[in-house]
Amino acid sequence: MNNEVIEGLKKLVPEKDISIDELMSRHTTFRTGGPASLFLRPEDEETVILVIGFLRSKGCPFFILGNGSNLLVSDKGYDGVIISVERLNDLHIENDTTMVAGAGVLNSAIASLARDNSLSGFEFAAGIPGTIGGAMIMNAGAYGGEMKDITSSVRAITPDGEIKVIPGADCDFGYRTSALKRGGFVVTSARLTLTAGSRDEISERMTELALKRKEKQPLEYPSAGSTFKRPEGYFAGKLIEDAGLRGLSVGGAQVSEKHCGFVINKDNATSTDVYKLIQEVKKRVFESSGVELEPEVVMLGDF
Ligand SMILES: Cc1cc2nc3c(=O)[nH]c(=O)nc-3n(C[C@H](O)[C@H](O)[C@H](O)COP(=O)(O)OP(=O)(O)OC[C@H]3O[C@@H](n4cnc5c(N)ncnc54)[C@H](O)[C@@H]3O)c2cc1C
């Protein structure tokens, strides 16, 4: 990493919030990934804007990190700056049914606060192990719900470095995508509209969904959830199972025996193991069904 960039960043972010050669295996739910040249934890939205503006002016690559729960980082690492939004973590109820969450707030924390205040609508997302920023970008969804249903607006940094409040209806949320993702926006917070409900019923629903996840998903192993998007008219897990790939392994990575839609880090896998397994699954599913699987997992660095 260029010294001028490092020195410039030190003027914007205290040195204690900058790490050099930070291992990304510490920041991804796959528990794999090599070092990022620089890793920053800006303390507020204003600092994120300044950091991004500075990096753009220097032509230095950067990547916004939520909870790393949909991310595969190369074993060679990332030759750029990781900007973690973990400190954009304000979470509050704005009026009776509106919640505002900083981009770095975990979905589980939002779900707990919503439940404790008898607000319904976020139960579906309680078990999605990411941040609300990542959820907005990906239009995260589960069990019939998606971010699209509850987002009244998103506050984000535009590619020109300006702050914009984008109404939910203009985010063009689609299946695991959004205009925010396509447009290169950096989410700093989201405003969610929920509905008044019964605390007991909300709690019951959350418990029911958590049990379903535990029963169906290999939560005992590191992973990034569903590895592939659902191809129109099919289920990725079923196609993988029908291709006879249950339990297929490359190094320490494995197609989960419990749920074929998950590639798991079974035994000290590297990102290369995961990547090679994803390619092998894609190839074999195409050979057996003619369906082209597309990874849902975001890949960062050279593979
Ligand atoms: C066990 C398990 C179960 C899962 N189940 C589900 C599920 O049911 N439904 C589902 O949809 N997903 C699921 N996932 C996948 C994952 O949790 C979601 O995609 C989640 O929304 C990713 O959020 P994150 O904060 O971890 O994002 P990250 O993985 O950190 O990032 C994902 C992408 O979003 C970008 N990004 C993150 N934050 C921001 C921001 N503030 N501004 C701009 N870009 C940003 C990153 O640059 C990257 O491109 C699961 C994952 C695991 C491990």
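Predicted model: local features only at pLDDT ≥ 70, side-chain atom pairs only at ≥ 80, totals over all residues.
View 1. Ser256 is found in the loop that runs between strand 17 (253–255) and strand 18 (262–265). Is Ser256 buried or exposed? Its relative accessibility is 1%, and the cut-off for buried is under 20%, so Ser256 counts as buried. Which residues does Ser256 contact beyond its neighbours within four places in sequence? They are Pro218, Arg246, Gly247, Phe262 and Ile264.

View 2. Strands of a sheet pair through backbone hydrogen bonds, either parallel or antiparallel.

View 3. How many bridges join strand 17 to strand 18? There are three, and the two strands run antiparallel. Within this pair, Val255 has Val263 of strand 18 as its bridge partner. A hairpin of six residues connects strand 17 to strand 18. Strand 16 pairs with strand 17 over two bridges, in the antiparallel sense. Here Ser249 stands opposite Gln254 in strand 17. Strand 15 and strand 18 also pair in the antiparallel sense, over two bridges. In strand 18, Ile264 stands opposite Ser223.

**View 4. The two faces of strand 18.** In a regular strand the side chains alternate between the two faces of the sheet. Val263 is the bridge partner of Val255. Ile264 is in contact with Ser256.

View 5. Strand 11 (residues 151–157) pairs with strand 12 (residues 163–167) in the antiparallel sense. Five bridges join the two. One of the bridge pairs is Ile157 with Ile163 of strand 12. Five residues lie between the strands of this hairpin. Which residue there takes a positive phi? Gly161 does, with a value near 85 degrees.

**View 6. Arg115 on helix 3.** Arg115 is found in helix 3 (residues 107–116). Residues up to four places away in sequence aside, Arg115 touches Arg199, Ile202, Ser203 and Met206. How far apart are Arg115 and Ser198, in sequence and in space? They are 83 residues apart in sequence and 8.5 Å apart in space, C-alpha to C-alpha.

**View 7. The whole protein, for context.** The secondary structure comes to eight helices and 19 strands. A compact globule of 303 residues would have a radius of gyration near 19 Å; the protein has 20 Å, which agrees. Along the principal axes, the C-alpha atoms fill a box of roughly 55 × 50 × 30 Å. Buried residues make up 49% of the 303. Of the contacts between residues at least 6 apart in sequence, 64% join residues at least 24 apart.

Notes
Residues numbered from 1 in each chain as written. Heavy atoms only, no water. Helix = DSSP H or I, 4+ residues; strand = E, 2+ residues; numbered from the N terminus. Rg over C-alpha atoms; globule rule 2.2 N^0.38 Å. Buried < 20%, exposed > 50% of the residue type's maximum accessible area, 1.4 Å probe, protein only. Contact = heavy atoms within 4.5 Å. Pairing = 2+ DSSP bridges.
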